[in-house]
Amino acid sequence: MLSKPAISYRHVTKNFGPVVAVDDVSLDIAEGEFVAVVGGSGSGKTTLLRLTNRLIEANGGTITVEGEDIGTVDHVALRRRIGYVFQSGGLFPHLSVADNIGITPKLLAVPAPEIAARVDELLVLVRLDRSAHRDRLPEALSGGQRQRVGVARALAARPRIVLMDEPFGALDPLTRDALGEDFRELHRKLGLTTVMITHDMTEAILLADRIAVMRSGKLLAQGTPAELARSGDAYVLELLRTPRRQVERLNALLPQDGPA
């Protein structure tokens, strides 16, 4: 790795009763890196993400964020310095777009004029018209718009780290593709460290610098797509074959010429 770890997991374990959700996972994520954690339902990927900002507590091992053992850091302060994007947007339904975006700066006692300016800045960054959207309630937004607001809220307190839990999974394909590309550009422009949870290997390949594959709580492999292709694990190779099979089927079904 070229940079020091922004996040480091060392022998991390999490149990829910007799179920081992995360099983002795060790992983480093460098400053400025975009890492996708891929796996099926029950693989432990979302649990690993929620351990990172202490939404839940590990049973064993150590997690450090920007060099600090998170077990020694106040959990509220930790969450306020890490952006978090939920699959559904996770917006407060009774708050306007502007108030949703500005909630963390408000909790940090940022002056109201600064919050208002930051909200306007973020609406531009996530490609939402300020005058048309800042006073709307979430129910008046499309799914893609709600997710853009969720991204803006995650960025409001200027975090260096953003955690994303299947952020584009509930969106239609066109919106999902556009949002993915836009966030990748935001990641680069703002110099973020991003950890994204997804079950979609195609999305992981297209957006992430590196992919970590989990199954049954264990980290099976990590690396670039080219590095994963050299894995000896049958499950990892099957995940990589899925996008290829989809492309082959699409090529067979779609015309080879024409506007599409």
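Visitor: How many salt bridges does a search of the whole structure find?
Guide: The search turns up 18 salt bridges. Keep in mind that this is a predicted model.

Visitor: OK, which residue does Arg10 meet in a salt bridge?
Guide: Asp28. The side chains of Arg10 and Asp28 come together at 2.9 Å, N to O. Arg10 sits in strand β1 (residues 5-16) and Asp28 in strand β2 (residues 19-30), so this pair links distant parts of the chain, 18 residues apart.

Visitor: And how accessible is Arg10?
Guide: Arg10 has 38% relative accessibility, so it counts as partly exposed.

Visitor: What about Asp23, which side chain does that one meet?
Guide: Lys218, in a salt bridge of 2.9 Å, N to O. Asp23 is in strand β2 and Lys218 in strand β10 (residues 218-223), so the pair ties together parts 195 residues apart in sequence.

Visitor: Are those two buried or partly exposed?
Guide: Asp23 is partly exposed at 24% relative accessibility, and Lys218 is partly exposed too, with a relative accessible area of 41%.

Visitor: Switching to helix α8: where do Arg184 and its partner Asp209 lie?
Guide: Their side chains form a salt bridge at 3.0 Å, N to O. Arg184 belongs to helix α8 (residues 173-190), while Asp209 is in the loop between α9 (201-207) and β9 (210-215), so parts 25 residues apart in sequence are tied together. Asp209 is partly exposed at 32%, and Arg184 is partly exposed at 25%.

Visitor: Last one: which residues do salt bridges with shared partners join into one network?
Guide: Glu66, Glu68, Arg81 and Arg160.

Notes:
Residues are numbered from 1 along each chain as its sequence is written. This is a predicted model: local features need pLDDT of at least 70, side-chain atom pairs count only at pLDDT 80 or more; totals for chains, interfaces and linings use all residues. Side-chain values use heavy atoms; hydrogens and water are left out. A salt bridge is a side-chain nitrogen of Lys or Arg within 4 Å of a carboxyl oxygen of Asp or Glu. Helices (H or I, at least four residues) and strands (E, at least two) are DSSP runs, numbered from the N terminus. Buried means under 20% relative accessible area, exposed over 50%, partly exposed in between (1.4 Å probe, protein chains only).
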